[in-house]
Amino acid sequence: MVREAALTELKAETETVTGADLLMAALEEENVEVVFGYPGGAVLPIYDKIYDAKFLHVLPRHEQGGIHAAEGYARISGKPGVVIATSGPGATNIVTGLADAMMDSLPIVAFTGQVATGVIGSDAFQEADILGITTPITKYNMQIRNLEDIPRIIKEAFYIATSGRPGPVLIDIPKDIAASITKQPEAQEIHLPGYQPTLKPNFLQIRKLAEAVSKAKKPVILAGAGVLHAKAAAELLAYVEQQEVPVVHTLLGLGGFPADHSLFLGMGGMHGCYTANMALSQCDLLINIGARFDDRLTGNLVHFAPHATVAHIDIDPAEIGKNVPTLIPIVADAKEALTALLTHMEEKPDQAEWIAQLRTWQEKHPYHYDKDSPNLKPQQVVEMLHVKTNGEAIVTTDVGQHQMWAAQYYQFKNADRWVTSGGLGTMGFGLPSSIGAQLADPEACVIAMVGDAGFQMSTQEMAVIKELNLPIKIAIFNNQSLGMVRQWQDFFYQSRYSYSKIPVQPSFVKLAEAYDINGYTITNVEEAERVLDEVLHTREPVLLDFRVDSEENVFPMIAPGKGLHEMVGVKE
Amino acid sequence: MKRIISLLVMNEPGVLNRITNLFSKRNYNIESISVGLSEHDGMSRITCVVHVESEQISEQITKQLNKQIDIIKVTDITEQSVVARELALIKVQSSPQSRNEIYSLIEPFRASVIDVSKDSMVIQITGESEKIEAFVELIKPYGIKELARTGTTAFPRGTQRQSNQKTNFSIV
């Protein structure tokens, strides 16, 4: 008996854990399935534990690729993307991704290593003040100073990243804290007295909106990514079908409402379609659901929805009234607000004339391009990809012309199929984000639509695609230029193409071959038809180098400083 | 216009950095900021004085501050009846001849002299910013050697005149 007691005592004494153990346990607690991480000096204690971890660890070939992959994963799965980077350069390499996730409200939890507590502030090897650097571009960030706090802080980090308006949270872990040993700490509850997001809408405001809708003659809904974050696509559809209010999407909101629906007007904004922009300009009631009235959407604010009563549903009160004066503010989760609206509906608005007007616009002024051109038109490529995947593929993009064509011509049927860098406009986003998207939905057909320039900013991530054998279809819209920059120089800088043309390029097909990925160069429609039929539905990664017309511009377009109604390049 | 914003914040490392960062990120101009412990354990009170062009901007400031996770409460107290005080220390040149003259200025302002040396004296004055400014102007001709001001710290009076309470930015 005495010996046994002594043994248990000994066991109790040896039940100690390191900071890295606590981190692993916390990740398990949060049901983390995938981690995008890159090892380095300051995170060695953590990586020693990851060696035995149950989750999938993906090694990007650059930390920036890692965080973009996490963003793609977060956008498709709705779960937070988890990133690990080492101190100093590892941490600074994820800065672009954090800013991107902040702008587009994506839940990211990033762990960065830090030099040991004792040398912080001494300009130690691979030291960077990552908290100072990332304060303006994270929803929250913190450094762990006590080993015992790790479980609570990580719980808080996941809670902050995913609740309210989602966003990136960064946790900085000094190396000595990850390595040092402690007794299993007692469980601590989340303690965030200053953070209580409002989810439920105010009943009076809902009633005000319901009344406004029933009285409106020209109502329109502007649906943004808030609908997707709240998983409110079904509620939106139900509401729209009952009240017959037409829907315009923002760039990031695409997919929240089915594109083949008769009440869908298209994307609004700088390169939005004629009908959507005219609807925004002429409506008498504008219901913004989860969009933030970004300048690329509104154009010149003076001319934006001048005759409209503006209602704005947003989970972030600071977005309401930020850019556009709002008469009916509703701070709430989009799903909660739409559910409340569905139960407090009044009469349908009398809007037959309005709908008829919208139909005329739609028929007269659709998107257009020269279909008889002998050159391969980028719009045509997107249309083909759309048809051949039945509008059901996951599409990821970089930023620029190809992004706009993808948004215009890929008609999304479903929610959460669209991954694009909207707010920050990050080149090199499309390829790595497709990795995360595919991991979030392994069965889906994933197409990474990228420009030839953006592709070269994250080419190295093809190694990950091959390593995990992800059946991603990389579609390069190769116009041998920075298309959107060239377009602006064309319009606003007397066609002085200052460094926007890239005539010297590698062979992308050979580059793919170097990573053991099959590649095809496609120069005309017939080739495109043949190759796409052959490869689009295989379970192998493929690179498609579409040599598209390098002079093609994106239309319609609203010049900077102009109002939404002042579109140029509209089909007459 | 001038706005006084009172913040109750968690006493966590980096909170002040977050707030000043937010002001510079959103291009707001801080006139003064004062920080100190509050009546709650682990919480500090910060008083910011900002200059803004419109109510819409001051509303944005309040909302953006409210979003910060370490900030418990944000109140724009400009429109309320408040007690606001600032402290200034002024080292002014003084000769035995001018000393009496300076004393005669100090008295009506209820300032006090807290140090005297051969050729200078240090005056402490508390009050609202305008009072301090008036005093500084008055004392300037004697030659100010050094000047240090704390910035305004403020909170609402216990009893509010009803007519003054109007702006409420909460839209929840």
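Okay, some housekeeping. Residues are numbered from 1 along each chain as its sequence is written, chains are lettered from A and ligands numbered from 1 in the order in which they are written. Since the model is predicted, local features need pLDDT of at least 70 and side-chain atom pairs count only at pLDDT 80 or more, while totals for chains, interfaces and linings use all residues.

Let's start with chain B. Chain B has four helices and nine strands. When I say helix or strand, I mean DSSP runs, numbered from the N terminus: H or I of at least four residues for helices, E of at least two for strands. Following the sequence of chain B, you read β-α-β-β-α-β-β-α-β-β-α-β-β. The box filled by its C-alpha atoms, taken along the principal axes, is roughly 65 × 40 × 35 Å.

UniProt, in an unreviewed entry, lists "domain: ACT" at residues 4-79 of chain B. A word on these annotations: positions are in the numbering used here, feature names are shortened, and the annotations may be inferred rather than shown by experiment. Residues 4-79 of chain B are 32% helix and 41% strand, and the end C-alpha atoms of that span lie 9 Å apart.

Now look at the sheet in chain B with the order E2-E3-E1-E4: four strands, open, with antiparallel pairing. Pairing of two strands takes at least two bridges found by DSSP. Which strands sit at the edges? Strand E2 (29-37) and strand E4 (71-76) of chain B, each pairing on one side only. From one strand to the next, the twist averages 20°. Angles, by the way, run from 0 to 180 degrees between N-to-C directions, and axes are lines fitted to C-alpha atoms, for helices over the stretch in contact.

Zoom in on strand E1 (residues 2-10) of chain B. Five bridges tie E1(B) to E4(B), and the two run antiparallel. In that pairing, B:Val9 stands opposite B:Ile71 in E4(B). Packed on this sheet is helix H2 (residues 55-67) of chain B, which touches E1, strand E3 (43-51) and E4 of chain B, with its direction at about 165° to that of E4(B). Contact here means that the C-beta atoms of two residues, placed from the backbone, lie within 7 Å.

So where do the chains meet? In total, 18 residues of chain B are in contact with 19 residues of chain A. On the chain B side, helix H1 (15-25), H2 and E4 each supply at least two residues. H2(B) gives the largest share, six residues. By class, that side of chain B has six nonpolar, six polar and six charged residues. For the classes, Ala, Val, Leu, Ile, Met, Phe, Trp, Tyr, Cys and Pro count as nonpolar, Asp, Glu, Lys and Arg as charged, and the others, Gly among them, as polar.

UniProt puts "domain: Thiamine pyrophosphate enzyme N-terminal TPP-binding" (unreviewed entry) on residues 18-131 of chain A. That span is 42% helix and 18% strand, with its end C-alpha atoms 23 Å apart.

Which residues of H13(A) meet H16(A)? A:Tyr274, A:Thr275, A:Met278 and A:Ala279 in H13(A) meet A:Leu358, A:Trp361 and A:Gln362 in H16(A). By class, that contact has five nonpolar, two polar and no charged residues.

Chain A also has an open sheet of six strands, E16-E15-E17-E18-E20-E19, with parallel pairing. Strand E16 (418-419) and E19 of chain A are at the edges with a single partner strand each, so one side of each is left without a neighbour in the sheet. Helix H24 (residues 525-535) of chain A packs on the sheet, touching E19 and E20 of chain A, its direction at about 160° to that of E19(A).

Last stop, two backbone details. The peptide bond from A:Phe555 to A:Pro556 is cis, with omega near -5°, and A:Pro556 lies in the segment after E20 of chain A. Then A:Ser495, not a glycine, has a positive phi of about 55°.

Key
Right-handed = clockwise from strand over helix to strand, strands pointing away.
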